[in-house]
Structure formats: structure tokens, C-alpha cells
Amino acid sequence: MAFVVFFVLGLVLNVAVLCNGGKTSTFVRKVEKTIDMPLDSDVFRVPPGYNAPQQVHITQGDLEGNAVIVSWVTVDEHGSSKVVYWSENSKQKKYAEGKSTTYEFYTYKSGYIHHCTIRNLKFNTKYYYVVGIGHTERKFWFVTPPEVGPDVPYTFGLIGDLGQSFDSNKTLTHYELNPQKGQTVLFVGDLSYADTYPNHDNVRWDTWGRFVERSTAYQPWIWTAGNHEIDFAPEIGETKPFKPYTHRYHIPFKASGSTTPFWYSIKRASAYIIVLSSYSAYGKYTPQYEWLEAELPKVNRTETPWLIVLMHSPWYNSYNYHYMEGETMRVMYEQWFVKYKVDVVFAGHVHAYERSERVSNIAYNVINGICTPVKDQSAPVYITIGDGGNLEGLANNMTEPQPPYSAYREASFGHAIFDVKNRTHAYYSWHRNQDGYAVEADTMWFFNRYWHQVDDSTTDQ
């Protein structure tokens with residue numbers, strides 16, 4: 001009888017209606033125009049030497065984490081698509097052969113874009129790698145993740161809507177110098193903002209690649225496509241969406257049964273990461289819908305307890321920017337997120353920071369009028385981290401009063417850290433650019449929805 005009472009009480013608490021909004025930060029960022037760094041900035045410097053590889057970046061190359069895709073650009077001539085690599089404790093050098101591609105966009109012609117997948121790597125091992133074989137060689141390194149397992153600790157960085165402004169540089173520097181030391185960046189879309197320039201000036205794709213190389217060459221960035229990756233410009237004859245993005249950034253989408261690089265999944269340490277596309281069809285019967293419907297049941301929470309979803313357009317957003325743009329996708333997929341107990345959803349698009357309570361809004365059926373978000377301990381926390389610092393500036397106009405589902409919001413640039421401790425606990429922190437590198441402006445202990453489903457809210461209800 002006691003169990004029945006406890007169970008019923010748990011259900012009541014699980015759907016308790018939110019009644020009080022959270023916290024709107026009192027921090028006021030000095031109002032300054034966000035300006036892109038000029039083309040002669042040192043962060044855009046072309047590496048010296050004939051045909052030197054530039055814009056080097058890596059991402060996970062398979063489903064499990066023991067492969068890496070290495071990408072780079074050569075300009076003077078094609079050069080080699082080969083990568084030479086070796087582990088820290090081995091003198092035996094191996095090589096992998098890649099492929100290259102080029103593209104044209106209006107009057108722009110790209111350099112030679114190389115992609116090479118290194119496979120069968122050992123887990124939790126430091127590797128060195130060299131690109132530019134036969135011309136100017138450049139050497140970098142990366143560390144593979146631990147083997148997938150339920151209690152494997154791992155630290156993710158979160159960055160979105162970065163761009164290449166002076167504020168963007170501050171965001172990346174803050175992330176690099178954060179003492180928590182993120183091991184992999186989960187990037188929630190909007191990379192270079194080249195499309196904001198006349199004729200979508202693709203030179204700004206090149207400068208962005210050189211700007212972020214100081215991080216992307218040494219740790220994987222897990223890519224999400226945003227609206228600024230679409231590059232659809234029929235007025236200048238460019239009618240193939242995502243052309244620069246798909247040529248420059250390769251993704252292991254086939255490993256998870258996806259048919260396109262815009263939605264896919266990977267496992268990394270104790271996390272299962274699902275990337276969705278806000279700008280591809282997601283209605284019923286579409287490829288993305290059918291893929292996600294089949295993907296979620298595959299997640300084995302005894303192997304990868306932490307279920308993380310990345311997308312660009314947020315579902316819960318209390319800023320008067322891009323308001324309700326994610327609503328139709330939310331209606332399609334939110335019930336699945338609750339059913340499969342997604343732990344956290346990271347999005348960008350809105351150029352500010354916000355963290356929600358665990359809420360859902362899945363009861364509405366057109367005629368019942370039940371359309372208010374309610375507290376739901378099976379639902380994810382929704383975090384908007386589109387505050388990387390791009391030239392479009394901050395979103396600082398908020399809806400008032402703060403809605404009950406919003407736990408914390410602030411119009412500042414920054415980044416976040418999601419630090420998985422074990423199968424039950426993860427520590428989350430958001431860091432604004434104006435603070436010291438170790439300062440945490442917003443924090444939360446996450447309790448895993450599968451292994452430790454207790455209330456982890458941070459506001460009084």
C-alpha cells in the first residue's frame with residue numbers, strides 16, 4: 001500500500017504545474033557594438049610555408065569514438081591527402097589516405113579541402129598527426145575518448161553561434177583557459193556567419209577555419225547545422241543549400257544509419273549524443289522523423305546513461321528573438337524526448353543564455369485546451385547557448401514576466417561546460433566572458449533521468 005501511495009504521489013509531483021518564474025540575472029553587460037575582426041587580424045594568419053595546411057579541424061569519425069576525421073585546406077596546389085599519425089608511446093608511424101574536394105560559390109573558388117578518416121585507434125590515448133606531406137608539414141595532436149561505458153567521466157564544452165568577432169575571440173579564449181578543461185566541444189550551429197557578408201563572401205569561411213584551428217585541430221568539435229550554414233542565395237545563382245558547410249565539414253552520419261550529415265548520433269564515453277536539424281524536413285514520414293523514431297529506442301542507458309540532444313533552434317525560449325521558431329519541431333518530437341527520458345537539450349540561435357526547468361507541454365490535442373508547460377521529471381532541461389559572440393550582437397529583449405519554465409536567463413556572451421562524473425551525476429556550469437576564467441555564472445547538478453530520477457530543479461516551485 002505504501003508503494004502505491006508513493007507511486008501516485010510521484011506521478012502528481014511529476015506533472016505539477018509551474019507557478020513561479022526563475023531568475024533573470026541582474027548582471028548588465030556594457031552595451032557595445034559587436035564587430036568582426038578585420039581580415040589582417042593575427043587570428044586569421046595564414047600559416048607560413050608553401051602549400052601549408054590551414055583550417056585544420058577534427059571530429060569523431062565513427063559511432064563509438066575510436067576513429068577521427070581530420071580535415072584541412074591547401075591553397076597553392078592540391079598536395080597530399082595523407083595523414084601520418086602515431087600514438088604517444090609508440091615510435092611506429094602509420095598513415096591513412098584521404099580524399100579531397102573543391103567547390104565554387106558565386107565568384108569564389110575554394111582551396112583543396114581534404115578529409116581523411118583515421119580508424120582503429122586505441123581508446124584514451126594521445127596521438128600525434130601530421131598533414132601537408134610533401135610540402136610544408138604541420139604537426140598536431142588529439143586524445144581519444146575512453147571506451148564507451150556507464151561510469152566513464154568526460155567533460156564536454158558547449159559553444160554556439162560563434163562567428164568571428166572580437167567577442168567570438170573572447171569566448172574561444174575563455175573556453176580554452178577554463179580550468180575545467182573541456183575535452184570535446186558540442187557545437188550547436190552557426191559557424192562563420194559568412195552569409196551576412198555581400199554575396200555570402202566565402203572568404204569568411206576560410207578566416208573562420210583559421211580562427212578556430214587553435215582548438216579544432218586538437219580536440220573534436222561535434223557539429224550541428226544552423227541557419228547560417230544554409231547559404232541559400234538564388235539571387236546570385238546559389239540554390240544548393242548548405243554547400244560550403246557540407247564541403248568543409250564532414251560528419252560520420254552513416255555510422256548511425258543516417259542518410260545525411262544534418263542529423264546523426266555518436267557515442268562518446270558515457271554519453272549518447274543525438275544531433276538534429278532544425279532546417280531539414282522533420283514532419284511525419286520525412287527521413288529525419290523516421291530516423292529519430294528508430295534511433296531513440298536503440299539508446300542503451302546501461303551503456304551510455306547520458307542522453308544529450310543538440311539542435312539549433314530552441315524549443316523553450318523566453319527572449320523576443322526567434323520566439324517560437326522551434327515550436328513545430330517541439331510538437332513533433334517532444335513526446336519522444338519525455339518517453340525516452342532525454343537528460344538535456346542544447347540549442348543556439350538566440351544570442352543569449354537561458355536554462356529551463358524540466359518541463360513538458362505534450363498534453364494538448366487541439367480541443368482540450370491543455371497547452372501550458374508543466375513540471376515533468378521525465379523531461380529534459382533545455383539550455384540555449386547561442387551566446388558565442390557573433391557580429392549580430394546580443395539578444396537582450398526578454399519576455400516579461402519571466403515564464404515559469406525559465407530557471408535562469410542572461411543576455412551575455414559565454415560558453416558552458418557539461419562535466420559527466422558517473423552514471424548518476426553531471427555538473428554543469430555556464431561562464432560569461434566578462435568574468436575570470438574559473439568563475440561560474442550559472443550552475444546545476446544534473447541527476448540522470450534513467451539512473452537517478454529525482455528532482456534536480458534549481459528554483460523554488
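Helix α2 (residues 166-177) packs against helix α3 (residues 203-216) in this predicted model. Their axes lie 11 Å apart, at an angle of about 10 degrees. The two helices are therefore roughly parallel to each other, a term for angles under 35 degrees. Axes here are lines fitted to C-alpha atoms, for helices over the stretch in contact, and angles run from 0 to 180 degrees between N-to-C directions. Helices (H or I, at least four residues) and strands (E, at least two) are DSSP runs, numbered from the N terminus.

Now look at the contact itself. From α2 come S168, N169, L172, T173, Y175 and E176; from α3 come F211, V212, R214 and S215. Contact means heavy atoms within 4.5 Å. By class, this contact has four nonpolar, four polar and two charged residues. S215 counts as buried because its relative accessibility is 5%, where buried means under 20% relative accessible area (1.4 Å probe, protein chains only). Beyond neighbours within four places in sequence, S215 touches L172, Y175, E176 and W221.

Next comes the sheet. Six strands form it in the order β14-β13-β12-β23-β24-β25; it is open, with mixed pairing. β14 (221-222) and β25 (442-447) stand at the edges with a single partner strand each, so one side of each has no neighbour in the sheet. Two strands pair if DSSP finds at least two bridges between them. β12 (residues 154-159) and β13 (residues 184-187) run parallel, joined by four bridges. G157 stands opposite V185 in β13. Helix α2 packs on this sheet, touching β12, β13, β14, β23 (414-420) and β24 (425-432).

Residues are numbered from 1 along each chain as its sequence is written. Local features need pLDDT of at least 70, side-chain atom pairs count only at pLDDT 80 or more, totals for chains, interfaces and linings use all residues, and side-chain values use heavy atoms, leaving out hydrogens and water.

Methods
Angles under 35 degrees count as roughly parallel, over 145 as roughly antiparallel, 65 to 115 as roughly perpendicular and the rest as oblique. Ala, Val, Leu, Ile, Met, Phe, Trp, Tyr, Cys and Pro count as nonpolar, Asp, Glu, Lys and Arg as charged, and the others, Gly among them, as polar. Buried means under 20% relative accessible area, exposed over 50%, partly exposed in between (1.4 Å probe, protein chains only).
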